[in-house]
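Dear colleague,

Please find below the structure that I am handing over to you, followed by an account of what was found in it.

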Amino acid sequence: MKKRLLQVVIEQDEDGTYIADCPALKGCYAQGDTFEEAMENIKDVIQMCLEELQEERKKVDLKYPEV
């Protein structure tokens with residue numbers, strides 16, 4: 001799979017959990033107990049989302065939306 005550069009937004013919720021979101025891919029988010037864990041988890045979810053879009057032959061628009 002070719003490399004892609006995607007924007008990821010990570011926020012910490014009131015319970016201390018880190019929530020990672022990839023705005024370019026609708027519904028693509030993950031969480032972790034640490035920043036690093038959230039980042040690793042979102043990488044896995046991004047890969048799954050891209051594979052699913054490819055299997056469905058849907059166009060992948062990876063522009064950086066305004067956040």
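**Findings**

T17 counts as buried because its relative accessibility is 18%; buried means under 20% relative accessible area, exposed over 50%, and partly exposed in between (1.4 Å probe, protein chains only). The model is a predicted one, in which local features need pLDDT of at least 70 and side-chain atom pairs count only at pLDDT 80 or more, while totals for chains, interfaces and linings use all residues. Residues are numbered from 1 along each chain as its sequence is written, and side-chain values use heavy atoms, with hydrogens and water left out.

T17 is placed in the loop between β1 and β2. Helices (H or I, at least four residues) and strands (E, at least two) are DSSP runs, numbered from the N terminus. Leaving aside residues up to four places away in sequence, T17 touches E11, Q12, Q31 and G32; contact means heavy atoms within 4.5 Å.

**The sheet and the helix**

The open sheet consists of three strands in the order β1-β2-β3, with antiparallel pairing; two strands pair if DSSP finds at least two bridges between them. β1 (9-12) and β3 (29-32) are at the edges and have a single partner strand each, so one side of each is left without a neighbour in the sheet. From one strand to the next, the twist averages 20 degrees. Axes are lines fitted to C-alpha atoms, for helices over the stretch in contact, and angles run from 0 to 180 degrees between N-to-C directions.

β1 and β2 (residues 18-21) run antiparallel and are joined by four bridges. Opposite E11 stands I19 in β2. Helix α1 (residues 35-55) packs on the sheet and touches β1, β2 and β3; the direction of α1 makes about 150 degrees with that of β3.

**A30**

A30 belongs to strand β3 and is buried, its relative accessible area being 9%. Not counting residues up to four places away in sequence, A30 touches Y18, I19, A20, N41, I42 and V45.

**R57**

R57 is found in the segment after α1 and counts as exposed, at 77% relative accessibility. Although R57 is not a glycine, its phi is positive, at about 55 degrees. Most residues other than glycine have a negative phi.
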